[in-house]
Amino acid sequence: FWLKQDCRCVWRKSLIDMDVVAVNKKKRTIWNRIAEDYIRDIEELAAGPGRSLLASLDVASAESIVDVGCGSGLLSADIAARAPETKVFATDFAESMVKAARTRLEQYSSVEVRQGDAMDLSWLPDSSVDRYLGNLLIMIVPDPDQALREAARVLAPGGRAAFSVWGNKANSPMFTTLVDATNELGLHKMSYSGLFNLGQDEEALRQRIMAAGFKKVVMWHAPMVQNTLDGAVFATRIMASEASSTETWINDLSEEHRVKLHSEIARKADAVVRAGRPIGLDMLLFLAEK
């Protein structure tokens, strides 16, 4: 539910016409509210693709790295533990995340934690870091092109940046089964998350990254996978997440409709597993060199 709430802020038409500052302020409020749930339920799962990105960055050979949108600092802690000589700047725009990151990372002398915005890293000089990490980042900032330009600006020549975004909807049953089941049963009108938008046209995204100031870009896909092969377990999780969001429609369902929805989500998830695929979210990962 954490990403759906953020998506509602970014992609709802009435908000698209607002200026970036206003959108960012609303998004910060949302992330401060859901930080505890995200850290408890999602962050470890989301760290999987992030760790793949770290492997591609070869952080042990870098003098410095900035982890933008660091959340509670899970990946920054990985960096500090594996590469204690590398200076780590961990930053997030939500105060609740920054507080959690400071608690997690206080044991590492190589890490500096501060509140910051992906679209404005003015506290970092030009060409001042060797590596940049943006796991699940640019798809949720109001101006992803500005975030990419800032990544290129702070990187030294030859520096590398690694990002992940949501990928192909067709390979993302983690976030499509609820939508499909709900619509097919006629219980509520739902649409797929706008957070899939950036990852739908890889070549267009590659061109945007190049235009931001990078000279080489490579992309690949990797799944974020639920740690269950049981459709009923997944159905319980995803319905609980939706029920925890600001949208109350699922809480207003009759018990009969809730049972039907649970059964249909479980059936769809079990079909995915029988086909030999994980109940997961397709991620598009990319590595860019300045």
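**A guided reading of the predicted model**

Helices (H or I, at least four residues) and strands (E, at least two) are DSSP runs, numbered from the N terminus. The model is predicted: local features need pLDDT of at least 70 and side-chain atom pairs count only at pLDDT 80 or more, while totals for chains, interfaces and linings use all residues. Residues are numbered from 1 along each chain as its sequence is written, and side-chain values use heavy atoms, with hydrogens and water left out.

Helix 6 spans residues 95-105, and its buried residues include M97, V98, A101 and L105. Seen down the helix axis, the buried residues fall within an arc of 100 degrees, so they line one face of helix 6; the arc is that of the directions from the helix axis to the C-beta atoms. An α-helix has 3.6 residues a turn, so residues three or four places apart point the same way.

Strand 4 (residues 129-134) is largely enclosed by the rest of the structure, because 5 of its 6 residues are buried. Strand 1 (residues 64-68) runs parallel to strand 4 and is joined to it by 3 bridges; two strands pair if DSSP finds at least two bridges between them. Strand 5 (residues 155-166) also pairs with strand 4 in the parallel sense, over 5 bridges. Within strand 4, R131 is the bridge partner of I65, and R131 stands opposite R160 in strand 5. From strand 4 the chain crosses through helix 7 (residues 144-154) to strand 5 in a right-handed β-α-β crossover: with the strands pointing away from the viewer, the path from the first strand over the helix to the second runs clockwise.

The largest nonpolar core has 92 residues, and those with the most contacts inside it are Y132, I138, W166, F214, L261 and I265. Strand 7 (residues 280-289) gives the most to this core, with 7 residues. Such a core is a set of buried Ala, Val, Leu, Ile, Met, Phe, Trp, Tyr and Cys residues joined through side-chain atoms within 4.5 Å.

L205 lies in helix 9 (residues 202-211) and counts as buried because its relative accessibility is 3%. Not counting residues up to four places away in sequence, L205 touches V165, L198, M219, L284 and F286, contact meaning heavy atoms within 4.5 Å.

Notes: Buried means under 20% relative accessible area, exposed over 50%, partly exposed in between (1.4 Å probe, protein chains only).
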